[in-house]
Amino acid sequence: VLSPHLPPLSPQADDGDEDFSLSPTLPRSQVQRSLERRSQDQVNQKVSELVQFLLVKDQKKIPIKRADILKKVIREYRDVYSEIVNQAGRTLQQVFGLQLVEIDTRQHIYILTSTIPRTEGENLRRDNQTAKLGLLMVILSFIFMKGNSVKDGAVWEFLRRLRIQPGDRHEVFGDVKKLVTEEFVRQKYLEITPIPLTDPPEFKYQWGPRAAKETSKMDVLRFVAKMQGKDPMYWVSQYNEAKTTL
Amino acid sequence: MSGSSSGDGFASASGSSSSERGRASLPSTSRNGAVPQRRLQGRSPGSADRDMEETDTEGEQPQRLEGGEGDERSRRIIRNQYRELIYSVQQNREDMLSSKSDRLTEALEEANKLFSGVSSAREAALDAQFLVLASNLGKEKANELHSDMTTFDSLVFAEDLLTFMGINRIEVEENDSDSESISGYLPSDAWHKLGEETEKYFRRAPSFHYMLGSFKSDPPVPRQRIERQKKATGTEEKRAMPAQLKKMEESHQEATEKEVERILGLLQTHFQNDPSTPISFFDLVIDPNSFARTVENIFHVSFIIRDGFARIKLDEDKLPIIEPSEDNEEREDGRSAGARNQVVLSLNYKDWKEIVETYEITEPMISPPCHRNEDEMEID
């Protein structure tokens, strides 16, 4: 059985692009020692399983927790976890043009983002996911343009103008309230936090970590500018802010 | 003041406040104002003429005043008006915040007018509640101001989005303050259109989809498909099984034995007829009509060889021939020798065709077993 050779990477080599070199001078880390105990086939098998797992898990855009990866894929390969994740990240990058991004380094939560820019007319399919993305963009734009934090009442009033009533069933989005306050939040596009000492309770809406990875303040500003037929620099403070977070 | 200026901007959202005004609709459980009296200072010039003394004794008022019933009614009206005002401000935040609008000022003025009729703490508390709201809005408004000259106007943004989504504005309303009220209808693909546009601004990993479409489940879960495929093959196997099983049950072990015996019989008859000349192995096993039968014959003959009833060897042309074993002793030897010598014979469809042509075999030497359904086995 032929198996592609396993490059002995140091665990911190996560910048996907480096050449696979079999340099014998690398420091013998613990991971490497562990790798020697595992056969290359076994590790490669785990890497493929992880790639598949990540691709499937990403379908619902719910971030993937390390705990799940360990439980469902890695199992008894914990000792070479970092190596498996690095290799899976590289495969995703090289084969699928996707980047494995850790959006929470404390709890180790991952998402996949695309590294290949979308171009005009590339979209082959238009479905409710597309529509949801439109709604999401509108909310993200509103939050950013209003200074990165907006009260729930303001968001819903704005959406009402776009014929979205939180209480009614929307013909495309169904339960919009649920979509915005649960789905977008679970997917880490939005963060909704209660404002202390408010009665009735009020909430503030902010960008979630996925929003910051999948889009950017500048992209959002460009979108707003396009919709309004203006130059992004028209909104000076937002433009300056977007520029500094590029 | 009157409700006309602030209340009815969004007829559908807030309900016209003016229509309700003056109707004392709230049941009141009048409890005497136990609210600590904090006077709110300096909110607008209009409030300067109200001061602490005025409210000092208000806790006693309902009892002391003559015609307490009428007073109770007017208090209810005031409370109702405050609630209307607060509700309308909450519902029209954006409008209040808009740099072009004086709504916030108007609302404050209205509150001032209301306050002139306030005599007890309960109404004053509502006034305070309104003031908290108004000052929050004021703060937000101030926040937006220092973003230089151009503030973000969400009302205009919303209108631009609607335009992009292809709104059909049937009724072109007058360009006054009521123009933002909800009118016109969006085509059913409005959000899809917007979504398609926004995709360009996202580095979102595309999700799987099927070129020939999928079930209406959103988003398609690939796991489901795998399960479905498994199930499909599972049932197919089940469906195919009964036919196969029938055959195997009645034939498998026994039929092989019977077939071997039958071929051995054929072979022995042949040797008896002509004991000196060995038979070409291919002549024996090849069935010119069926590759499958040929393979089967080879399989069966291999038992005869294994058990030492016949031998295979190569003739002077290095072609395999089959000849009978001499006697029982040698058969025992042959058996043990056979255990040591194993031959793997490869024969593919092409080989078979070539052999049929080269040996000019037209008739199978081993006739197909009679109980077999020939159609099943025949290749052509």
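A cavity, as I use the word here, is a set of grid points where a 1.4 Å probe fits but cannot get out. I keep in mind throughout that this is a predicted model.

**Entry on the cavity.** Which residues line the largest cavity? I listed A:Gln129, A:Lys132, A:Leu133, A:Leu136, A:Glu183, A:Phe184, A:Gln187 and A:Tyr189 from chain A, together with B:Arg204 from chain B. When I looked up the elements behind this lining, I found that α5 (128–145) and α7 (176–186) of chain A each give two or more residues, and that α5(A) gives the most, with four residues. Sorted by class, the lining has four nonpolar, two polar and three charged residues.

**Entry on the interface.** I then turned to where the chains meet, and I found 60 residues of chain B in contact with 64 residues of chain A. The two chains bury about 6000 Å² between them, with 58% of it on carbon and sulfur atoms. On the side of chain B, B:Trp191, B:Tyr201 and B:Arg204 lose the most area to chain A, together 15% of what that side buries; B:Arg204 is also one of the residues that line the cavity.

How many salt bridges join chain B and chain A? I counted three, including one between A:Lys226 and B:Glu197, whose closest N and O atoms are 3.0 Å apart. I also found 15 residue pairs in polar contact across this interface, with both residues at pLDDT 80 or more. By class, the side of chain B that touches chain A has 26 nonpolar, 16 polar and 18 charged residues.

Key: Residues numbered from 1 in each chain as written. Chains lettered and ligands numbered in written order. Predicted model: local features only at pLDDT ≥ 70, side-chain atom pairs only at ≥ 80, totals over all residues. Heavy atoms only, no water. Contact = heavy atoms within 4.5 Å. Buried area = accessible area lost by both parts, 1.4 Å probe. Salt bridge = Lys/Arg side-chain N within 4 Å of Asp/Glu carboxyl O. Polar contact = N/O pair within 3.5 Å; in protein donor to acceptor, adjacent residues only side chain to side chain. Nonpolar A, V, L, I, M, F, W, Y, C, P; charged D, E, K, R; others polar. 1 Å grid on protein atoms, 1.4 Å probe; cavity = no way out; pocket = protein on both sides within 12 Å on 5 of 7 lines; lining within 4 Å.
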